[in-house]
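Please keep the sequence and the 3D view open while reading.

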Amino acid sequence: MLGYIIRRILAVIPVMTIVAIFVFLLLRLSPGDPAAIIAGDMATPERLERIRESLGLTEPLHIQFVTWVGLLLQGDLGTSLISNTPVTTMIGQRLWPTINIAVLTIILSVLIAVPMGVIAAWRHRTWVDSAVMSFSVLGFSIPVFVIGYIFIKIFSIELRWLPVQGYAPPSQGLWPFLQRAILPCLTLATIYVALIARMTRASMLEVLGEDYVRTARAKGVKEKVVLFRHALRNAAVPIMTIIGTGFALLISGVVVTESVFNIPGIGRLTVDAILARDYPVIQGMILLTSFIYVFVNLIIDLSYTFIDPRIRY
Amino acid sequence: MAAAPQPMSAMQTVLGIFSLPRNLRVGIGPMIAAGVLFAIVLVTACAYLIVPHDPLAMNALQRLKGPSAEHWIGTDAYGRDLFSRVLVGGQVSLLIGIGAAIISVFIGLLIGLVAGFFRWADAIIMRIMDSLMAIPAILLAIALVALNGPSIWSVIFAITIPEIPRVVRLVRAVVLSAREEPYVEAAIAVGSSMPKILWGHLMPNTLAPLIVQGTYICASAILTEAILSFLGAGVSTEIPTWGNIMAEGRNYFQLMPSLIFWPGLMLSLCILSINLLGDTARDMLDPRLKKREV
């Protein structure tokens, strides 16, 4: 068991190394002079030179790589070309709104999606099942920002229940935070709910046909207990896996949702960086989000043995 | 889905060109989806024959006007006809979707065949693919467009790269199981050339799942194009695409929600139809999945 955990943690190293190599080469292998691309058409020679220097583009490739990785390992993601602040500082200042929104979204999604999937599987081939599946296909088919604008139109502009945009940290009181966070969270949750509900339904359908479910029902266990304790626990592993892989969707969604709702998080930071061609910030965000994705999936992989005692390594 | 036999409709005849077994009947949902998709593709493909106005012609006097006899669903912030723009915008969006699907399926197929067949290549290729999958698709695409410029090809390329690992995984899994089949072992035993085994014997096994995967990639590529444009990292704003029209509509959302609503509706209908057809194709091409109702 301990051996497995160590091996699984060590397996993160090659993946993150290749991600780092990839991100490194992305800038260097792009056609044309990367400094000129970043600086845009109106750049002065001085600015080009400054960009080249700050990205370390003047050295030979292998030396650039060693220097770059060396700085990375010390937690240095470079310096913004626009504000001249270290990228890590910029991300640090904007991290909390995103974490708050993301955590709330995950909790909300699981609370909505898992019961939805369970009920769809339980009432297989009825209108409930069709409704859940239709919602699920619909959730995949509408762009995140369109969902966001539809919510703003309905709840903020027409009904005037909630503020249109903005963000308040939870430290200023829970209600102002929730008031502004609920629409972004629902927006982000739509696609995540679609994904998790679909997987829960599929996984539950498989389990509900098993002998032990029939036995449990035959000996008079309450249907609710059969579904949520006997069946759901055995169906949990694929659901956990999809929550992990769906995390990538959540990250992409955060970038879009934060700019729809004007939330000062790292997603908004990324969009501003795109518009300003601030490449070090984009690069830092790619590295950070990849790392978070790999880390979340590592935790989920390791948690399998706790959810399902049959899994032994 | 459909239990009772239905008379052959035009749509079933159209679907018939894929030479599906006759006992696999198509339900009403997929038929509607096919109809909607066909209509959208037809209308956007012939957009320049239909449109009442030049989609690029600006008119300062007609800015942000509501629906009228002249402009059926209104005008945008530059006084351009929204109806014409939505139709023409579909061309580039669909082109990007189809282009990204074909290219990522083709490249993924080649890499997946190699990874599935040659053990020495498998470990290296799959490590690289795992790493590529760890990078959030949108962020990778943003970086690629930022570095390669806002051309249509650069956007297709940017959407294709993050999709390739998913295709590779699929192809590799199919090849790994097909490789153990007697006919493949026989082909190796009689000394068939390696390209012949890969392309002639193993590749056909991957076609059915790849068609399904291709439809999903097409749908997700159209979505990604819209998101990239929305974030300001898409096709150059001079070219109307569904994403670009919505991105421009952002600033006027409170005033004119239809700038986001109409292109959003077309795009969502289009993606919904493609996804539904993908699900149908999956159920038809893999009866085992249908039985398990996954």
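This is a predicted model: local features need pLDDT of at least 70, side-chain atom pairs count only at pLDDT 80 or more; totals for chains, interfaces and linings use all residues.

1. Confidence. The mean pLDDT of chain A is 86, and 98% of the residues of chain A reach 70 or more. Within chain A, confidence is highest in helix α6 (residues 87-122), at a mean of 92. The lowest value, a mean of 73, belongs to helix α3 (residues 34-39) of chain A.

2. Overall form of chain A. The secondary structure of chain A consists of 15 helices and zero strands. Along its principal axes, the C-alpha trace of chain A spans about 80 × 55 × 35 Å. Chain A has 313 residues, of which 39% count as buried. Among contacts in chain A with a separation of 6 or more, 71% are between residues 24 or more positions apart.

3. Overall form of chain B. Chain B contains twelve helices and zero strands, so that its pattern along the sequence reads α-α-α-α-α-α-α-α-α-α-α-α. Of the 294 residues in chain B, 44% are buried. Residues 24 or more positions apart account for 67% of the contacts in chain B with a separation of 6 or more.

4. Domains of chain A. How is chain A divided by the domain assignment? The assignment gives domain 1 (2-73) and domain 2 (87-307). Taken over C-alpha atoms, the centres of domain 1 and domain 2 of chain A are separated by 31 Å. Where the domains touch, domain 1 of chain A supplies twelve residues and domain 2 of chain A supplies eleven. On the domain 1 side of this contact, α1 (2-10) and α2 (12-28) of chain A each supply at least two residues. Helix α2(A) gives the most to that side, with seven residues. By class, the domain 1 side has ten nonpolar residues, one polar residue and one charged residue.

5. The contact between the chains. In the pairing of the two chains, 38 residues of chain B are in contact with 44 residues of chain A. On the chain B side, the elements that give two or more residues are α5 (119-134), α6 (137-148), α9 (194-230) and α11 (258-285) of chain B. Which of these elements gives the most to the side of chain B that touches chain A? That element is α6(B), with nine residues. The chain B side divides by class into 27 nonpolar, seven polar and four charged residues.

6. Helices α10 and α11 of chain A. The axes of helix α10 (residues 211-218) and helix α11 (residues 223-234) of chain A come within 10 Å and cross at roughly 145°. The crossing of α10(A) past α11(A) is right-handed. From α10(A), the contact uses A:Tyr212, A:Val213, A:Ala216 and A:Arg217; from α11(A), it uses A:Val226, A:His230 and A:Ala231. These residues divide into five nonpolar, one polar and one charged.

7. Helices α8 and α13 of chain A. A further pair to inspect is helix α8 (residues 144-158) and helix α13 (residues 247-260) of chain A, whose axes come within 9 Å and cross at roughly 35°. The crossing of α8(A) and α13(A) is right-handed. Helix α8(A) contributes A:Val144, A:Phe145, A:Gly148 and A:Tyr149 to the contact, while α13(A) contributes A:Gly253, A:Val256, A:Thr257 and A:Val260. By class, the contact of α8(A) with α13(A) has five nonpolar, three polar and no charged residues.

8. A loop residue, A:Asp76. This residue lies in the loop between α5 (61-73) and α6 of chain A. Is A:Asp76 buried or partly exposed? A:Asp76 counts as partly exposed because 14 other C-beta atoms lie within 10 Å, whereas a buried residue would need 20 or more. Leaving aside neighbours within four places in sequence, A:Asp76 is in contact with A:Leu71 and A:Thr88.

Methods
Residues are numbered from 1 along each chain as its sequence is written. Chains are lettered from A and ligands numbered from 1 in the order in which they are written. Axes are lines fitted to C-alpha atoms, for helices over the stretch in contact, and angles run from 0 to 180 degrees between N-to-C directions. Helices (H or I, at least four residues) and strands (E, at least two) are DSSP runs, numbered from the N terminus. A crossing is left-handed if the near helix is turned anticlockwise from the far one by less than a right angle, and right-handed if clockwise. Two residues are in contact if their C-beta atoms, placed from the backbone, lie within 7 Å. Ala, Val, Leu, Ile, Met, Phe, Trp, Tyr, Cys and Pro count as nonpolar, Asp, Glu, Lys and Arg as charged, and the others, Gly among them, as polar. Domain bounds come from an automatic or database domain assignment. pLDDT is the predictor's confidence in each residue, from 0 to 100. A residue is buried if 20 or more other C-beta atoms lie within 10 Å of its own, exposed if 12 or fewer, and partly exposed in between; C-beta atoms are placed from the backbone.
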